[in-house]
Amino acid sequence: MVWIGLTALLSYWRRRPVQLAMLLLGLSLATALWSAVQAINGEARASYDRAAAILGQDRLAQLVREDGARMDQQEFVRLRRAGWLASPVIEGEMRFGDVRLRVLGIDPLTLPPQAQQVDIAAGDELLPFITAPGVLYAAPETAARLTEQATPPVRVAEGLPPGTVVTDIGQAQVLLGAKHKISRLLLWPDQPIGRAPLKVTAPGLTLREPSETGDLARLTDSFHLNLTAFGFLAFAVGLFIVHSAIGLAFEQRRQVFRTLRALGLPARVLVLLLIAELLTFALLAGLVGVALGYVVASALLPDVAATLRGLYGADVPGTLSIRPEVWAAGLAIAVIGTLVAAAQSLWRLWHLPLLAAAQPRAWARTSERALGAQGVAAMVLLLTAAGIAHFGSGLEAGFALLAALLLGAALALPLVLTGILHLGGRLARGPLAEWFWADTRQQLPGLSLALMALLLALAANVGVSTMVSSFRLTFTGWLDQRLASELYVTARTEAEATAIRDWLAQRSDAVLPIWSIEGRVAGQPAAIYGVADHATYRDNWPILSAVPEVWDRIATGDGALINEQLARRQELGLGDQITLPGGWRASIVGVYADYGNPIGQVIIGIDTLVQHYPDVSRLRYAIRIAPGKAESLAAGLRAEFGLPAQNVIDQAGIKVFSLKVFERTFNVTAALNVLTLGVAGLAMFASVMTLSGMRLPQLAPVWAIGLTRRHLAWLELSRGLLLAALTMLAALPVGIALAFVLLAVVNVEAFGWRLPMHLFPGDLARLAALALLAVGLAAAVPAWRLAHLSPSDLLKVFAHER
Amino acid sequence: MLLRLHQIDKFYPTGEGPLHVLRGIDLSLEAGKSLALTGESGSGKSTLLHLVAGLDSPDAGEIHLGGTNIVGLNDTALAALRRGTVGLVFQQFNLIPSLDVAANLAFQARLAGRPDPAWLKVLAKRLGLAQVLTRYPEQLSSGQQQRVAIGRTLAARPRLVLADEPTGNLDEATGDAVLDLMLSLVAETGAALLMVTHSNRLANRLNARVHLHAGRLV
Ligand SMILES: Nc1ncnc2c1ncn2[C@@H]1O[C@H](COP(=O)(O)OP(=O)(O)OP(=O)(O)O)[C@@H](O)[C@H]1O
Ligand SMILES: [Mg+2]
């Protein structure tokens, strides 16, 4: 009996391979986009973990200076003398040619065993390690990047994070130009008894427990949440296809279900059989989906990696590793998604009356009745969105707002469309027009799921493209302000810097130092820059808010400017006091826009900087000169001092680079968006295709009364285009609301900056055209088939056996 | 002569090779006359009607309607023919589901450019549909649906009415009344009626009858 039931159920799919393909494709695509995001996030998180785990930092307590600055090597000596088991580490960024790396200097002799990432102490590796020129240990791909560069000998060590080299502390101090300095002290887990307390031995140091998560993971959290949200949106859109495919398959098999039940198959067994069928499909599509997800992810990962490096300074490898948890999660979400999409159909099946006659339109009619309930749900969701917008705060609230807004709008769509179609029918003149509107309205329940998916995808596209374009506009304007100087030069040594300054004095309008130190401000990593008192800053700096006479206050040394993200994260405002590395305080006199920078930034007067941090590195300068002369001056600089090309950059060069970083930042969201739109297009296609089979009884009478097949086909095509156009129209306000939430809520939380919204009618028109084209193509296939249907196929509609 | 069929042949392609449904049919019908077409199930009655209505085309032969041979006309011309000249009542499934009864009744007449509200009112009354004008086809019994289909065809005042078992779903009394209506229209407007029926009683009320057997008229 069960076997007969199973074959009866499955034979349906054999006769409808297209429908089966749609179901599997929808599910695979939904899973693929979701898994792609998971794989990318997984890869990034793993690399943060690796970075955080380097030298056992996730397991060992450390001693650091509260302001994040380097300490004197003497601290280490003092602690050892007091009986503490500690090991010094120096860390810093530096360039080898055009490769920028994190350099970690360690002391192999005192390193706790938990921190032994590289097996140096063993055998004959030690001597070359600690004696000049030393050895750099690097992960294979980092080592590969270094082959072209002039560096100490490089050795490959598995397990190191990308973009990091480990070397002896003495060598590292030389490389980083920080003689006798160390960044932190690693503490052995087991300390001898009877040692002097820390407060006495190292009063200037703070103990940091191993559990404290890395800055990277925290900073990038919002970025990954962003990706996850878009992955989920794509998944939801994909589920629309699955839902409608399953709904249709159940509806069309109603007669089979009845027969099986009448033959004595219990409802429970029937439902179980169907669940088994669905699970098989889900697992199959899930496997394909995750595999596809890896393809998508590996296509997107280089951009993500570049974004994370550019935006957060996080090093993520450009290649994916296969993670079992991604497979498990992908299969799980495919199964869960299928069951969610099928829940309604299964519920109806459970309550299927044995004797009711098969009604081909029953499905559509129930949906009509559900319209009211759907409207109520839409209202509730939209009100919730409004409530969150008003009262909520934080990134989670931002995403909840987005979800409520999108879902509410999607649910409201069929109601709105029904209203418009009613109106159209009322205004129509002539029998064909009246029929066209009335028939479109009747079609709506069958198409509404696909239209809702289309609405979601379109709104997301409108929203994201508006956000990105607004950002681009603001960003380019900001770059012009920020990069006011014509040339930027980096000297290799302090001596060279002095020589360059002297050389430039006669040849340029101004030489502005770009000197900075790194440290912690208000508990956050931040960079502190000193600026000269010069019109370049007074006229151009992208100030968002400031006290009057702000530049005078900076010049006299009693004020500091901070960037927007620092102000927002720490809720700092004009007049507030901040403590800077070294323990001195300054009052905030202005906040400026600093897009694309993950960390905080503070600007003080150049004299103040030098006074508080006398050993600041004085290598970088901005040069003002008449734009026409910039190029020859750059050439002169390179020739005079033998500077490598990348040490003298002109304004245009930096702008090009910055814009490239910017574009890459949004490549991923844009790609996910396009894919989501593709999935929605497919949903539309699937629905139109399956519905077209059920359309003949509605079309054949009109044909018989005196319309050509071609005429009918055109009407069918127009119907699709009309619905798409109305959906696009509905998507506009939703998308603009979405853009507003992204700009005013999500970006502020995720990146720490708020941007004004700009609308780009050209972009929107292009998207509308694209959507109409996609739907037009989807509707063209069944329309073409209708135009070329043989009369005898149309006549079958009128035959008895239908 | 309003309608003249000459040596009509029709094949349907099937799995077991072509099925020869109609073999050398000759038939003619004058304006103002009615003709009953009988024959057992599957003998090709509906097929013949479809050919005359310009819904399908024969594999051989000529169909002259009002002097023109409609065989070989293009789609547009055939559609115009269906709209303005012939009216076809199917056995079933012939209403437009998205329009209510009133709109269904008026549809063909308006399409043909001959709207006539007064005539529609008369038809609705005589067909017993006055009470259901705002309902949709799926809310009607099959007999009511059948009457709407007949009303829709008559409303357009076609020169040739083709009816495929129009009273198949009606009880005897209603069937008789509907046939009366059709016959009176034919008489009033000088149209012709070609009606398929299984009922000898109804067939006998028409001017003439032909019987279709094994693809030939006998
Ligand atoms: N579209 C078609 N394709 C193939 N065969 C067809 C098609 N339409 C009808 N036939 C076959 O042609 C033959 C004649 O069919 P037709 O519908 O004309 O018969 P009928 O006389 O109207 O029968 P009934 O009294 O049952 O309505 C039948 O054998 C039928 O199976
Ligand atoms: Mg028939």
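## Aromatic pairs in chain A

Counted over all chains, this structure holds 17 aromatic pairs. Keep in mind as you browse that this is a predicted model.

Where do Phe471(A) and Trp753(A) sit along the chain? Phe471(A) belongs to helix 14 (residues 431-482) of chain A, while Trp753(A) is found in the loop between helix 22 (709-750) and helix 23 (761-787), so the pair ties together parts that are 282 residues apart in sequence. Both Phe471(A) and Trp753(A) are buried. They also belong to one aromatic cluster, together with Phe475(A), Trp478(A) and Tyr595(A).

## A charge over a ring

Arg719(A) lies over the face of Trp435(A), and the distance to the ring centre is 5.4 Å.

## Domains and a strand with two partners in chain A

The domain assignment divides chain A into domain 1 (1-52 + 221-358), domain 2 (59-210), domain 3 (365-480 + 662-802) and domain 4 (481-657). Between the C-alpha centres of domain 2 and domain 3 of chain A there are 57 Å.

Now turn to strand 1 (residues 62-65) of chain A. Two bridges connect strand 1 to strand 9 (residues 184-187) of chain A, and these two run antiparallel. Here Gln62(A) stands opposite Leu186(A) of strand 9. Strand 1 of chain A is also joined to strand 10 (residues 205-208) of chain A, by four bridges and again antiparallel. In strand 10, Leu205(A) is the bridge partner of Arg65(A).

## The open sheet of chain B

In chain B, six strands make up an open sheet with mixed pairing, in the order 6-7-8-3-9-10. Which strands stand at the edges? They are strand 6 (86-89) and strand 10 (216-217) of chain B; each has a single partner strand, so one side of each is left without a neighbour in the sheet. Helix 5 (residues 142-155) of chain B packs on this sheet, touching strand 6 and strand 7 (160-164). The direction of helix 5 makes about 180° with that of strand 6 of chain B.

Elsewhere in the sheet, strand 3 (residues 34-39) and strand 9 (residues 208-213) of chain B run parallel and are joined by five bridges. Within this pairing, Leu37(B) has Val210(B) of strand 9 as its bridge partner. As background, strands of a sheet pair through backbone hydrogen bonds, in either parallel or antiparallel fashion.

Definitions and conventions. Residues are numbered from 1 along each chain as its sequence is written. Chains are lettered from A and ligands numbered from 1 in the order in which they are written. This is a predicted model: local features need pLDDT of at least 70, side-chain atom pairs count only at pLDDT 80 or more; totals for chains, interfaces and linings use all residues. Side-chain values use heavy atoms; hydrogens and water are left out. Two strands pair if DSSP finds at least two bridges between them. Contact means heavy atoms within 4.5 Å. Axes are lines fitted to C-alpha atoms, for helices over the stretch in contact, and angles run from 0 to 180 degrees between N-to-C directions. Domain bounds come from an automatic or database domain assignment. Rings of Phe, Tyr and Trp (its six-membered ring) pair if their centres lie within 6.5 Å; planes under 30 degrees apart count as stacked, over 60 as edge-to-face and the rest as tilted. Buried means under 20% relative accessible area, exposed over 50%, partly exposed in between (1.4 Å probe, protein chains only). A charge sits over a ring if NZ of Lys or CZ of Arg is within 6 Å of the ring centre and within 35 degrees of the ring normal.
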